[in-house]
Amino acid sequence: MTATVLDGKSTASDLRETIAEEVHQWLEQGHARPTLAAVLVGDDPASQVYVRNKERACEKAGMHSRLIRKPADTTTAQLLELLQELNGDPAVHGILVQLPLPASINTQQVLDAVSPLKDVDAFAPENVGLLVQGRPRYLPCTPHGVIQLLVKYGLEFAGKHVVIVGRSDIVGKPLANMMVQRDLGFGPQFANATVTLCHSQSENLAAITRTADVLVAAVGRPCLITADMVKLGSIVIDVGINRVNDKLVGDVDYTPVSELAAAITPVPGGIGPLTIAMLLRNTLTACQLQAQGQQAKQQG
Ligand SMILES: Nc1nc(=O)c2c([nH]1)NC[C@@H]1CN(c3ccc(C(=O)N[C@@H](CCC(=O)O)C(=O)O)cc3)C=[N+]21
């Protein structure tokens, strides 16, 4: 068997077009232009690329992006002050603090300073809680991208065994939460999974992953998922982004696994582009929520 390659790039491009149309209508109704503020601290080359891609995607979709660069020696206190400013700026709707931050900075404290209403990454405890309760304000970008791709290809996962490897707050944990819900608005076929969330302490990892109908790799280690860990005919989603000898690879040993799987995502061109499309979605949602908030205040 040779797997269907799930094309994240074209799926993302379609989604971005839809979002751009919605932005256009929003502007025609006389509303403010949705604006994302991206905070980039230090000069990590990978982060520079991501943030530039995010900026370009914003502009293409008719939104503004404000890139705020800070030197690597910026203090936690200085970042807290910057975030207070952005929180209070009515022209900024979404705030993204690019991770990882330099080791000298208290990341948790900085992330906690982002207003939950502007938290387009959906990292804030309030937004995590709302998601767990099945009434999300913002869907986390990368997990949302995974589900959008499965929806696009009609790969239903209700009742299926989804195994997620990696328990990060940005991918593994929120994705497990989303896939186990009754319905997040994609229809019950794209919900209601039986989810197993694995991590570095999981015993007999291969025995578990071999039972997966849908296997998601989100650790950040090249070749973590080898062919012997994959069930014939399963769906393999590779969320890993690793640079090896200047080449971008995921967490899956792609060629051998693609001979077993029914469907697989490539790296690059898989989940990465969808993450950015979903960030645009959240920026538009942020702008709409804040317009509602303003209206409520005026009517108050
Ligand atoms: N606050 C925060 N939110 C994030 O969502 C966030 C973050 N910090 N820090 C870093 C990770 C990683 N991430 C990616 C987004 C897009 C691609 C992407 O578009 N990748 C392209 C290739 C890009 C390239 O050539 O490097 C692809 O896979 O085809 C990759 C990685 C978002 N992250």
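**Figure 1. Where helix 2 meets helix 10 in this predicted model.** Let's start at the contact itself: Asn-53, Lys-54, Ala-57 and Cys-58 come from helix 2, and their partners in helix 10 are Ile-276, Leu-279 and Leu-280.

**Figure 2. The crossing of helix 2 and helix 10.** Helix 2 spans residues 45-60 and helix 10 spans residues 271-299. Their axes lie 10 Å apart, and the packing angle is about 55°.

**Figure 3. A closer look at Ala-262 and its neighbours.** Here we move to the loop that joins helix 9 (254-258) to strand 11 (263-264), where Ala-262 sits. Is Ala-262 buried, exposed or partly exposed? It has 16 other C-beta atoms within 10 Å, so Ala-262 is partly exposed, a class that lies between 12 or fewer and 20 or more. Leaving aside residues up to four places away in sequence, Ala-262 touches Met-1, Ala-3 and Thr-4, and also Gly-233, Ser-234 and Ile-235. For Gly-233, 29 residues away along the chain, the C-alpha atom is separated from that of Ala-262 by 4.4 Å.

**Figure 4. The annotated span, residues 140-289.** According to the unreviewed UniProt entry, these residues carry the annotation "domain: Tetrahydrofolate dehydrogenase/cyclohydrolase NAD(P)-binding". In the model, the span is 33% helix and 17% strand, and its end C-alpha atoms are 16 Å apart.

Note on methods: Residues numbered from 1 in each chain as written. Predicted model: local features only at pLDDT ≥ 70, side-chain atom pairs only at ≥ 80, totals over all residues. UniProt positions renumbered as here; feature names shortened; annotations may be inferred. Helix = DSSP H or I, 4+ residues; strand = E, 2+ residues; numbered from the N terminus. Contact = placed C-beta atoms within 7 Å. Axes fitted to C-alpha atoms, helices over the stretch in contact; angles between N-to-C directions.
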